[in-house]
Structure formats: structure tokens, C-alpha cells
Amino acid sequence: MKVRLTYDDLVQFPEDGRRHEIIDGVHYMSPSPVPYHQVLSRELLIQLCEAFREIGLGQVFHAPIDVQFSEHDVVEPDLIVVLNDNPIVTESRIVGVPDLLIEILSPSTSDRDRNLKKRLYESYGAPEYWIVDPDRKVVQQYVFEGAAYAEPVSCPEQITYRGVDNVVVDLLKIW
């Protein structure tokens, strides 16, 4: 019988500069992001923070921070939005389903972000998921409708967060 890892196992991993995640009890490791990945993350973070500061309805977090969906599902998305009425932020991590999850594709994580993590976020009913593709300069926007994500919308120039009004990211400023 294969042992399924838990959050308690995850916190025992060494601080090695890599991203460690557990999905369905299986350990996944990624190297540190490349500089362009960091630039995109920073520029998205700035725009989202400014928008949420202006409307005062939520918080924006960026990696490294653990998002624990369950005992056996703990991930570290690039960016996370938690609305004020969603009480999932604890002192040590986010425990529950964030309102928006954002992953920026890297060669080492592209398949995982597009498939495994998309299925994970969908299975927990995460309201919105953005996949940022630096090579194609587009964001795939997945919105949860009913019991699954609707067909994604490709956003090359701007993207509007569906969770609240007045949160628009100018993608032309990040590319």
C-alpha cells in the first residue's frame, strides 16, 4: 500500500529554495522560477493589489504560501486572491478554497498546471483559475459554473476577474 503524504509531512521538507506540493498525497517538486516568471508574477501582483486595495474587498497573496485544500492536497500557487468574506486565511497558511488561483507556466510545471492542478482546483470548486502562458502571451481564464469549469476564455490584452466588479488587469503592461 502506497503512503499518502499529508500537510504534516510537507512541513518537514527542508528549506531548499524549491516549491514542494502534495496533490492526492503525492509529492511534487519544482525548481525556483526563472527571472521572467518572477517579473510576470510581480506585475500581476501589483495590478491585483492596487485593484483590491481600491475596492477593499479582498487580499492578494503570492508564493511562497501554502494553500491546503485537504490533508492530502497542499499547493503553492503563484498568486492567490481571497475575498474578505472567505475566512480561510490562518496564521500559517490558507486552509480552504481561495476565490482566485493563478499559475504562471514554466517548462517544468506547464503540464502539471494545465492538467493536474486544473483538475484539483476544479474538484474543490475553486471559483476562478487563471493560467498565464508567457510564451504565447495569453491568460486562460477558467470560471467555475455548476459542477465544472466552463470552456476557458483566452485573454491576450486584459482580463477581468469575475468574482467582483472593477478588477481588471491590463495584460499589455505585463508582457
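Which strands do the buried residues of α2 pack against? They pack against β3, β6, β8, β9 (128–133) and β14 (168–170). Contact here means heavy atoms within 4.5 Å. Helices (H or I, at least four residues) and strands (E, at least two) are DSSP runs, numbered from the N terminus.

This is a predicted model, in which local features need pLDDT of at least 70 and side-chain atom pairs count only at pLDDT 80 or more, while totals for chains, interfaces and linings use all residues. Residues are numbered from 1 along each chain as its sequence is written, and side-chain values use heavy atoms, with hydrogens and water left out.

Helix α2 covers residues 35–55. Its 21 residues, at 1.5 Å a residue, should span 30 Å. The end C-alpha atoms of α2 are 30 Å apart, so the two values agree. The expected span of a helix is 1.5 Å times one less than its number of residues. The buried residues of α2 are H37, L40, S41, L44, L45, Q47, L48, A51 and F52. Buried means under 20% relative accessible area, exposed means over 50%, and partly exposed lies in between (1.4 Å probe, protein chains only). After α2 comes G56, with a positive phi near 65 degrees.

Now turn to one of the strands that α2 packs against, β6. Strand β6 takes in residues 79–83, and five of its five residues are buried. Both faces of β6 are covered. L79, V81 and L83 lie on one side, and I80 and V82 on the other. What are the partners of β6? Strand β3 (residues 58–62) pairs with β6 in the antiparallel sense, over five bridges. Two strands pair if DSSP finds at least two bridges between them. In this pairing Q59 stands opposite V82. Strand β8 (residues 100–104) also runs antiparallel to β6, joined to β6 by three bridges. There L79 stands opposite I102.

A salt bridge is a side-chain nitrogen of Lys or Arg within 4 Å of a carboxyl oxygen of Asp or Glu. By this rule there are eleven salt bridges. One of them joins E103 and K117, whose closest N and O atoms are 2.8 Å apart. This pair links distant parts of the chain: E103 is in strand β8 and K117 in helix α3 (residues 110–123), 14 residues apart. Is E103 buried or exposed? E103 is buried, because its relative accessible area is 1%. K117 also has 1% relative accessibility, so K117 counts as buried.

K117 has a further partner, D113. Their side chains meet in a salt bridge at 4.0 Å, N to O. Both residues lie in helix α3, four residues apart, about one turn of the helix. D113 counts as buried because its relative accessibility is 2%. Salt bridges that share partners join E21, E103, R112, D113 and K117 into one network.

The side chains of D24 and R4 meet at 2.9 Å, N to O. This pair, too, links distant parts of the chain, 20 residues apart. D24 is in the loop between β1 (19–23) and β2, and R4 is in the segment before α1 (7–10). D24 counts as partly exposed because its relative accessibility is 47%. For R4 the value is 41%, so R4 is partly exposed.

Next comes β2, with M29 as a landmark. M29 is in strand β2 (residues 26–30). M29 is partly exposed, because its relative accessible area is 35%. Leaving aside neighbours within four places in sequence, M29 is in contact with R18, R19, H20 and R112. M29 and I65 are 36 residues apart in sequence and 15 Å apart in space, C-alpha to C-alpha.

R18 and R19 bring us to the largest pocket. Which residues lie nearest its centre? They are E15, R18, R19, P64 and E76, among the 25 residues that line the pocket. The elements that give two or more residues to this lining are β1 and α2. Helix α2 gives the largest share, five residues. The space in the largest pocket is about 550 Å³. On a 1 Å grid over the protein atoms alone, a pocket is an open set of points where a 1.4 Å probe fits, with protein on both sides within 12 Å along at least five of seven lines; lining residues have an atom within 4 Å of a point. Grid points are joined across faces, edges and corners, and a volume is the space filled by probe spheres set on the points.
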